[in-house]
Amino acid sequence: MTESAPPPSDVPPSAEAVRIAYFISSYGSGAQLLRLVLTLRHAEPDSPIVIRHDVFQNKLDPDLFANVDQVYVLAGDQPITWGDMTLEAARWSVFRWILTHLDVDWVVLLSEQDYPIRPLSELRQQIVDSRADALLVGERVDHIADPELRREFELRYFYNYTSLPNIGLERRMPRPIQAA
């Protein structure tokens, strides 16, 4: 006789039963990040908060979250270069860490610049009501009615980054210019 998994329930879990981890991508010096972490901790006292900090951009005080429960700070061994796949590689590394170390149903991806604009209890309810595996919100840039907003998004999202080879120019400059 073989055992099979129980059939999926048609009854969604309660909003309180959904286990959410907050994943914050960080590169700043700490004050804005601390504000976000404390806000999340106040609203979600039992949710783990995982921070992936780019130590190549700024150092982060290791004691910044010493008095905040369930905050995990992960530092990468490679810098993140905007416009290439290092950002996505860092995110996937954190997702793997979360899957290995935490027991959660959902992961909410944030930047340290984000800040809740409505109660997180509403987010929990939205997750439960969606009955989905993932939630993404987007709008086609060419469908944005406001021309100024459309132009801002065209500049932001259609910008192309190019990595140039390092030819060692900085090393050949006078020392006062190198330090600047």
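Val50 stands opposite Tyr72 in β3, where strands are DSSP runs of E with at least two residues, helices are runs of H or I with at least four, and both are numbered from the N terminus. The model is predicted, so that local features need pLDDT of at least 70 and side-chain atom pairs count only at pLDDT 80 or more, while totals for chains, interfaces and linings use all residues. Residues are numbered from 1 along each chain as its sequence is written, and side-chain values use heavy atoms, without hydrogens and water.

The strands form an open sheet of four in the order β3-β2-β1-β4, with parallel pairing, two strands being paired if DSSP finds at least two bridges between them. Because β3 (71–75) and β4 (106–111) stand at the edges with a single partner strand each, one side of each has no neighbour in the sheet.

Strand β2 (residues 49–53) pairs with β3 in the parallel sense over five bridges, and β1 and β2 likewise pair in the parallel sense over five bridges. Two further bridge partners are listed here.

| Residue | Bridge partner |
|---|---|
| Ser25 | Arg52 in β2 |
| His53 | Ala75 in β3 |

Five of the five residues of β2 are buried, that is, under 20% relative accessible area with a 1.4 Å probe and protein chains only (exposed is over 50%, partly exposed in between). In a regular strand the side chains alternate between the two faces of the sheet. From β2, Ile49, Ile51 and His53 point one way, whereas Val50 and Arg52 point the other way.
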